[in-house]
Amino acid sequence: MKSKHIVIIGAGSAGLMAADVLSSAGMSVDVFESKPSVGRKFLMAGKGGLNITHSEPMADFIGRYDQSDWLEPMIQSFDADAIREWMGSLGVASFIGSSGRVFPTEMKAAPLLRRWLSSLKKRGVRVHCRHYWHGFNQEGSLRFRAAEGEKTLTPYATILALGGGSWASLGSDGKWVSILADAGVKIAPLLPSNCGFKTLWSPFMQTHLGKPLKNISGWVQGNKECISSSEAVLTTYGIEGGLIYALSRPLREAVMATGSATLYLDLLPHSSEAALATRLAHTGKQSTDNIWRKAGLEGLKAALIREMLPKKKWSDPFAVSACVKKYPLTLTGMQPIDEAISTAGGVMREALSEDLMLHSLPNVFCAGEMLDWDAPTGGYLLTASFASGVFAAKGVLKMAALD
Ligand SMILES: Cc1cc2nc3c(=O)[nH]c(=O)nc-3n(C[C@H](O)[C@H](O)[C@H](O)COP(=O)(O)OP(=O)(O)OC[C@H]3O[C@@H](n4cnc5c(N)ncnc54)[C@H](O)[C@@H]3O)c2cc1C
């Protein structure tokens, strides 16, 4: 296959992975990035430990995505094993944590990114930072704003990997939405995902804000999915953390449909309601505090019960155990999109060919979080970004092979 000139816009996980595949196949690749350096969100993802993918069986893995049948062939073509193999080829060892999540041994993203960029450079990939893509001219050429001035380019093919619309300071400002919509591309509105939700805490709860609620389960009224063995953190605005992120899709849907969502928490998921009521029965001269502590209700969990139940019910084991096992929280809104870990919405499946080429813009492909899929944290976001980058790159190669 003759080498063709491919432009990738956006040097995040999806764009760099597309560059990896295309340069390995001998294509001439230029990557354009608006920020002064590449992979800023990837580096941010690595701050608390880079959870790059997940080791669970493929059927469970695929089931984490809202558009699972669309994502399946992409993930199949670059799954968790392939990601670990790719990291290994760059000299970065990985391990599977106790929860099944996969991390680089060093935990951070920076060493992996450094080695990745060096390997791309060796294969001739040219990276141009401080180049902001702002649309197409009348001839369909790409338009960039750079320090040197305006540039236009007409490559053989383009891959847009511009990210979602959260953490705009890291580069993904979501401004591509209006450019593509003007070009006739169908786009589902960008919405916060894996985000915190608002609720109003009473003055009594103020001293507990910032504290984690550990080993809890939760579900959303009207939705059968239950997330177990997770945690959440009470914040000044409401609640956030792993449990809330995992439930952010049904929570968001309820908030958008009715203005609020009811989240139920099971504060002691390892006790049945009946067994808990037995343990909470007042015997002898024990104080309520003591009885609750022995049953596993102390600190923040005890405060939540006191917040919810009137004082006269604190000695009623059935009222307390019912409250512990199905603690209702009314959530009245989402945190702003810019503070979300990821965004739902984006370029819709129907706007794209099977190879991720835009129907309304021939030879322009899309990849990464800018596509209309949603998933919880746990390595699923990076996996789908990488996999769709691989898939779009393979789409370009397929097209070039037919030329
Ligand atoms: C705090 C945080 C923690 C996270 N932790 C994890 C985690 O542990 N595991 C996980 O799987 N996921 C995690 N994620 C999510 C994950 O980082 C993203 O889903 C993933 O990086 C998306 O990759 P992308 O390439 O599609 O987009 P991005 O990484 O956002 O890359 C898009 C690139 O395009 C550039 N760009 C945008 N517009 C233009 C333009 N007009 N011109 C030129 N360049 C442009 C941007 O500057 C950016 O570099 C985390 C996210 C955040 C914010």
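In which sense, left-handed or right-handed, does α10 pass α13? The crossing is right-handed; a crossing gets that label if the near helix is turned clockwise from the far one by less than a right angle, and left-handed if anticlockwise. Bear in mind that this is a predicted model, where local features need pLDDT of at least 70, side-chain atom pairs count only at pLDDT 80 or more, and totals for chains, interfaces and linings use all residues. Numbering starts from 1 along each chain, following the sequence as written.

**The chain overall**
- You're looking at 14 helices and 20 strands, taken as DSSP runs numbered from the N terminus (helices are H or I with at least four residues, strands are E with at least two).
- The C-alpha trace spans about 85 × 40 × 35 Å along its principal axes.
- Of the 403 residues in the chain, 45% are buried (20 or more other C-beta atoms within 10 Å of the residue's own; 12 or fewer is exposed, in between is partly exposed, with C-beta atoms placed from the backbone).
- Take the contacts with a separation of 6 or more: 71% of them join residues 24 or more positions apart (a contact means C-beta atoms, placed from the backbone, within 7 Å).

**Around the ligand**
- The shell holds 38 residues, and G10, G12, G163, G171 and G368 come nearest (a residue is near if its C-beta atom, placed from the backbone, lies within 6 Å of the molecule).
- By class, the shell has 18 nonpolar, 14 polar and six charged residues (Ala, Val, Leu, Ile, Met, Phe, Trp, Tyr, Cys and Pro are nonpolar; Asp, Glu, Lys and Arg are charged; the others, Gly among them, are polar).

**α10 against α13**
- The axes of α10 (residues 273-280) and α13 (residues 317-325) come within 8 Å and cross at roughly 135° (axes are lines fitted to C-alpha atoms, for helices over the stretch in contact, and angles run from 0 to 180 degrees between N-to-C directions).
- α10 and α13 are therefore oblique to each other (under 35 degrees is roughly parallel, over 145 roughly antiparallel, 65 to 115 roughly perpendicular, and the rest oblique).
- On the α10 side the contact uses E273, L276, A277 and L280, and on the α13 side P317, F318, V320, S321, A322, V324 and K325.
- Sorted by class, that contact has eight nonpolar, one polar and two charged residues.
- A281 sits in the loop between α10 and α11 (288-294), and its C-alpha atom is 8.5 Å from that of F318, 37 residues apart along the chain.
- A281 counts as partly exposed because it has 13 C-beta neighbours inside 10 Å.

**α4 against α14**
- The axes of α4 (residues 68-77) and α14 come within 8 Å and cross at roughly 85°, so α4 is roughly perpendicular to α14.
- L71, M74, I75 and S77 of α4 meet T383, A384, A387, S388, V390 and F391 of α14.
- This contact comes to seven nonpolar, three polar and no charged residues.

**Positive phi**
- Most residues other than glycine have a negative phi.
- S229, in strand β14 (residues 226-234), has a positive phi of about 45° although it is not a glycine.
- S229 is partly exposed, with 13 other C-beta atoms within 10 Å.
- L356 has a positive phi too, near 75°, and lies in the loop between β19 (342-347) and β20 (364-366).
- L356 is buried, with 26 other C-beta atoms within 10 Å.

Notes:
Two residues are in contact if their C-beta atoms, placed from the backbone, lie within 7 Å.
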